[in-house]
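User: I would like to go through this model step by step. Please start with the terms.

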Amino acid sequence: MKATDYSGSTPQEVREIIRKGEWTKPTPGMCKGRVQANLIVLPKDWAYDFLVFAQRNPTPCPILDITEPGDTEARIMAPGSDISRDIPRYVVWENGVNIDEPTDVSSYWRDDLVGFLLGCSFSFESALMEANIPIRHIEENRNVPMYITSMKCRPAGRLSGPMVVSMRPIPARQVPKAVLCTGRFPGVHGAPVHVGDPEAIGIKDISKPDFGDSVTIRPGEVPVFWGCGVTPQAALMASKPPFAITHAPGHMMILDPKDADLAVF
């Protein structure tokens, strides 16, 4: 079954399917028109550092919701949800090292953990598709390609690291339209951060993403790069907090609001 087979499902239905362990794959194309979110969970004594990090780097880290310490419910964006069970796959980190990739992190949960839900570029893909702009990773039933770049985020407290970007090949004539479409959604990364030459932002081989899957770039298409919510994972690897939980790249949490609710004009 493909993620797009759940394109017409409600967020509540998809979260229940994921919570039961019936879907453990990436989420592009699920719940068409609904907001998807990245996750980072940190101990309370690191949460303020991340809040400031996100405020200083809003393009890759746009905050949509924050949980209370020890609480697993995203009360604003997904009432009744459980961020420890409603994502298809997680990554558990210790001292900046990936130690586990479970489909449920309730056994890791602690009373001092704070969850941050960040906007995801999957949320502006509906606008791109409505403008007849192709989304290659959905066409090829793959995860979006993501790359660690040479662009440095502004540090905050103990957190620092490079920006991660997602890439979509866009026909050259449609690049201006793609910029306008996505620029309407600053809460889910907004307009591209780079268009064209990958090496200009430190990407040596575009066929070998650091996260996700490679996709076909056809003649006449331009690689277009957006800020990515995997950026906090690069910060974890660089800054090495003692413990953290994130989503696995491409495996998002489906929230209740519509993508259109985040449009600014």
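Analyst: Two strands pair if DSSP finds at least two bridges between them. Helices (H or I, at least four residues) and strands (E, at least two) are DSSP runs, numbered from the N terminus. This is a predicted model, in which local features need pLDDT of at least 70, side-chain atom pairs count only at pLDDT 80 or more, and totals for chains, interfaces and linings use all residues. Residues are numbered from 1 along each chain as its sequence is written, and side-chain values use heavy atoms, with hydrogens and water left out.

User: Over how many bridges do strand E7 and strand E9 pair?

Analyst: Strand E7 covers residues 162–171 and strand E9 covers residues 221–227. The pairing of E7 and E9 is antiparallel, and the number of bridges is seven.

User: Is Ile133 buried or exposed?

Analyst: Ile133 sits in the loop between helix H3 (125–130) and helix H4 (136–139). Buried means under 20% relative accessible area, exposed over 50%, and partly exposed in between (1.4 Å probe, protein chains only). Because its relative accessibility is 2%, Ile133 counts as buried.

User: Which residue takes a positive phi just after H1?

Analyst: Helix H1 spans residues 11–19, and its buried residues include Val14 and Ile18. The phi just after this helix is about 80°, and the residue is Gly21.
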